[in-house]
Amino acid sequence: MKHNWKVTVLLLTLFLIAQYVGMYINAYYFETSLPYGITKATFHAQYSYIELFIYLLFGFGLGLLLAKFSLGKLWKIWFFIAVVIGLVIGFSAFIPAGIAFILAVLGAFFKIVKPNIYVHNFTELFLYGGIMALFSSSLTLFSVSILLILISFYDMWAVWKSKSMIFLAKFQTKLKVFGGFLIPYKKKQAILGGGDVAFTLLFNSVTYFTYGWKALILPLIVGLSLFFLFYLGKKNKFYPAMPFLTTGCFIGLGIVKFLL
């Protein structure tokens with residue numbers, strides 16, 4: 001088992017909360033404009049997965065360059081801006097935009113400038129819902145399904161073949177600026193990458209747009225697939241989570257369709 005039971009249950013709980021909070025945020029903004037004039041991404045509905053995947057590769061490549069040349073300050077600036085935008089959108093689904101902005105800046109500060117593990121994990125619960133709200137309304141169930149398949153293959157290559165994902169994760173951990181849930185225990189760190197939370201949330205949100213309340217079962221199915229990864233995984237080894245999570249997404253989609 002990759003982590004002890006206490007840490008595993010905590011990671012799974014945080015994952016599930018982030019999924020349901022994020023699905024609410026995305027549903028809130030489905031036909032509503034984003035705060036502060038932030039513009040949603042617009043793609044061709046059926047081929048949006050190609051454009052979005054290219055953007056993801058570009059962002060990952062840029063992150064690798066910053067890590068390779070040890071440009072930690074630039075990484076922190078880039079990350080700070082992204083966190084503020086994501087949190088402003090996420091918080092504004094629950095509270096007035098003015099208060100949301102103040103909390104977003106404070107959250108980014110205690111996440112990046114003066115890292116606090118409790119603030120870090122709390123803000124993660126809202127961050128990915130806010131970021132994915134930029135994209136979810138432009139995707140169809142077909143396009144987000146293809147996107148998850150592409151990301152899963154890329155995740156396997158980046159972890160098992162090129163090791164670039166591991167390199168980037170270690171760079172972020174060294175900077176104490178990490179995208180994802182982070183739980184320190186026994187001089188170790190249990191990590192669940194932000195991309196693993198965000199992309200499954202994107203799929204779950206688009207499924208909710210398509211099938212309504214029946215899609216609320218999806219996070220539980222995906223969470224179960226994440227549990228199997230933790231249960232089967234070995235300590236001190238890196239695994240690509242997306243193939244497991246994508247499998248859970250597709251199994252969950254099959255169950256949702258069966259419930260119709």
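In what follows, Ala, Val, Leu, Ile, Met, Phe, Trp, Tyr, Cys and Pro count as nonpolar, Asp, Glu, Lys and Arg as charged, and the others, Gly among them, as polar. The model is a predicted one. By that division, the lining of the second largest pocket consists of five nonpolar, five polar and two charged residues. Helices α5 (117-132) and α7 (164-175) each contribute at least two residues to the lining of the second largest pocket.

Turning to the rings, the structure holds 21 aromatic pairs, including the two set out below.

| Aromatic pair | Centre to centre | Between the planes | Geometry |
|---|---|---|---|
| Phenylalanine 109 and phenylalanine 110 | 5.1 Å | 90° | edge-to-face |
| Tyrosine 154 and tryptophan 157 | 5.7 Å | 35° | tilted |

Phenylalanine 109 has a relative accessibility of 32% and therefore counts as partly exposed, and phenylalanine 110, with a relative accessible area of 36%, is partly exposed as well. Tyrosine 154 and tryptophan 157 both belong to helix α6 (residues 141-161), where they are three residues apart, about one turn of the helix. Tryptophan 157 is partly exposed, its relative accessible area being 43%.

Methods. Residues numbered from 1 in each chain as written. Predicted model: local features only at pLDDT ≥ 70, side-chain atom pairs only at ≥ 80, totals over all residues. Heavy atoms only, no water. Phe/Tyr/Trp six-rings, centres within 6.5 Å; stacked < 30°, edge-to-face > 60°. Buried < 20%, exposed > 50% of the residue type's maximum accessible area, 1.4 Å probe, protein only. Helix = DSSP H or I, 4+ residues; strand = E, 2+ residues; numbered from the N terminus.
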